[in-house]
Amino acid sequence: MMSWLLVMPIAIPFATAVVAYLMRMSDAGRWISLAGSALSLLASAALMVAVLERGVVAAQMSSWDAPFGITLVVDYLGAVMVVITAITGLATAIYALGEIPARLEKLGYHALFQTLIAGVTGAFMTGDVFNLYVWFEVMLISSFGLLVLGGSREQLDAGIKYVALNLVSTLVFLSGIGLLYGVTGTLNMADLRDAVANAENQGLITVIAMMFMVGFGVKAAVFPLFFWLPASYHTPSFAVSAVFAGLLTKVGVYALMRMFTLVFVGDIGFTHEILIWVSALTMLTGVLGAAAQTDFRKILSFHIISQIGYMTLGLALYTPLALMGGVFYLVHHIIVKANLFLVAGVANKLAGHTDLNRIGGLYKSSPLLAALFVIPAFSLAGFPPLSGFWAKYLIVKAAIELDNWLIAFVALFVGLLTIFSMTKIWGMAFWKPHPDGIDPTPDRVPDKVRIPMMIPIGGLAAMTILIGFYPEPFVQFAEVAAAQLLDPTDYVETVLGARP
Amino acid sequence: METLTALIIGVLVAASVYLMLARNFMRFLFGLILLSNAANLTIFASGRMTPGAPALVPYGEDTPLGVVGNALPQALVLTAIVIGFGLLAFTLALAFEAYRRLRTMDSDKMRYAEPKEERE
């Protein structure tokens, strides 16, 4: 029973991918993808219920006992990531009904999309480092396909950079796994915790930890490893860049959070101190990079980097409050960031471009879109009472409690600069008149395209408001998730069985 | 045996870094292939070397007799080779398509997705 619950959120997207690929030549593919995404959401909700009841849920694949077989294990953090992946998947599947043209569907868009979701979900659920590598690869290869699907010059150029840097990071991660196995003789994460703590050569363990940090750091797009992200995220379809923006970098952050709370905790003074400064520089460079851009999606891409800094900061400070803020930030950010890219897609359809110098007038002509932009944009910047305010509040409070005033100041200052970028988009895309004298009213786009694109934007904005006005259950959830991360006894025992 | 493998890995990584620093994307790709082989050898070597002792179970027995090679790293390497092969095949196809469309392999000249650098 338990193993079915754990397998379903991975198996459903894979099955959907196969069927959607077979049906790619007809219109049915997009509806199959939509149905698959809805089923995934149900399956992950069921998993969430089980996790809320039991704390940690684990299953041994093919009945090979841990630590020899592959374990799927989900704690509070894993469960919320699986659910949020399914929500983002459903939102973009609806959006794709309007945005993705039949040309891309025939090339297998929906199959690649569902495989990507399966890869992301798998990475959140696995309890085995090598299996984590495999899920990373599933995720990578489908993201490669989605990024260059359509094959414009910009996409090919972006694809080269994205593929090259991500493959290097994967190889660093893979070598790290090899060395870790060489030192400890196990690959099971729960088993690794003790094995790493008892390893004789702690210096070598720190080296391996740094290899993991670099490997995951590239995926998470932290300073100074983020260059692939602003080079590529503005080129594919909007639905694709929304999923990338929402989920892909967050898999890197999740992997950092998992490995650096569960396994590599022997030398916190060294590893987590590095992370603190990396986080601060990530926040700063991201937000300053965004200030120099005038393209809707490029601004948002740089803001992904800057926001990643807050999440890794939550991990780096390594107190219950900080980790709680990190988890809360992770969830809030996925919703908000995916939504902003979806808004950019509608703005592009209505006003004809993503370059802010070449569009305008959206506020007057499409007030609904303007309202739906303001919610995630100000949530990103941390305006109360939206979800981003609580996320930033927790992180900054954690920094102040540690008397780390410099970091707290950087976090607040970056929030201020985020407002600058968001008001820049607001002023140029929404407020000023359209430079070509066009009136970008909603009826410039047929209902069949516009309505499926607006539904997920509204839904995600509603979630942002809900979390903002009613943060209590979400904060409590994040508190338990952080407690589980800091004291993974429950996690280890559920995977390996209670030990004497 | 371990020393020799370590040296080979070192040479592979050095050669791959040299290749990857080139502006030509094909050279970068060859560097990536070497790096991927170096990573695979690392995993293989970290399972400890036992020359001349294949992980085979004699006929009629349930477990191998005596000391045999560690089979797990071999399984890991096999997985990594297959995945690496797929990714590199994709990258090669991408490089070819990029060359066909962009008419260059020089990564400094691939500036379609990013603003061109100001050069005098």
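A residue counts as buried when its relative accessible area is under 20%. By that rule, both Phe144(A) and Tyr162(A) are buried in this predicted model. The two residues also form an aromatic pair. Their ring centres lie 5.7 Å apart. The planes stand at 85° to each other, and the pair is edge-to-face. This pair links distant parts of the chain. Phe144(A) sits in helix α6 of chain A, while Tyr162(A) sits in helix α7 of chain A. The two are 18 residues apart.

A second pair has another geometry. The rings of Phe226(A) and Phe227(A) have centres 4.7 Å apart. Their planes meet at 35°, so the pair is tilted. A tilted pair falls between two cut-offs, because planes under 30 degrees apart count as stacked and those over 60 as edge-to-face. Is Phe226(A) buried or exposed? Its relative accessibility is 7%, so Phe226(A) counts as buried. Phe227(A) has a relative accessibility of 51% and therefore counts as exposed, since the limit for that class is over 50%.

Phe130(A), Tyr133(A), Phe136(A), Phe173(A), Phe212(A), Phe216(A), Phe260(A) and Phe264(A) form one aromatic cluster. Over all chains, the count comes to 34 aromatic pairs.

The contact between the two chains was examined next. The size of an interface is often given as the accessible area lost when the parts come together. Chain A and chain B bury about 3,000 Å² between them. Carbon and sulfur atoms account for 76% of that area. Three residues, Arg153(A), Ile160(A) and Tyr181(A), supply 21% of the area that chain A buries against chain B. That is more than any other three residues supply. In residues, the contact takes 34 from chain A and 35 from chain B.

Which polar links cross the interface of chain A and chain B? Five residue pairs are in polar contact there, with both residues at pLDDT 80 or more. The number of salt bridges between chain A and chain B is zero.

On the side of chain A that touches chain B, two elements give two or more residues: α6 (129-148) and α7 (153-184) of chain A. The largest share comes from α7(A), with 19 residues. By class, this side of chain A has 19 nonpolar, nine polar and six charged residues.

Key:
Residues numbered from 1 in each chain as written. Chains lettered and ligands numbered in written order. Predicted model: local features only at pLDDT ≥ 70, side-chain atom pairs only at ≥ 80, totals over all residues. Heavy atoms only, no water. Contact = heavy atoms within 4.5 Å. Buried area = accessible area lost by both parts, 1.4 Å probe. Salt bridge = Lys/Arg side-chain N within 4 Å of Asp/Glu carboxyl O. Polar contact = N/O pair within 3.5 Å; in protein donor to acceptor, adjacent residues only side chain to side chain. Helix = DSSP H or I, 4+ residues; strand = E, 2+ residues; numbered from the N terminus. Nonpolar A, V, L, I, M, F, W, Y, C, P; charged D, E, K, R; others polar. Phe/Tyr/Trp six-rings, centres within 6.5 Å; stacked < 30°, edge-to-face > 60°. Buried < 20%, exposed > 50% of the residue type's maximum accessible area, 1.4 Å probe, protein only.
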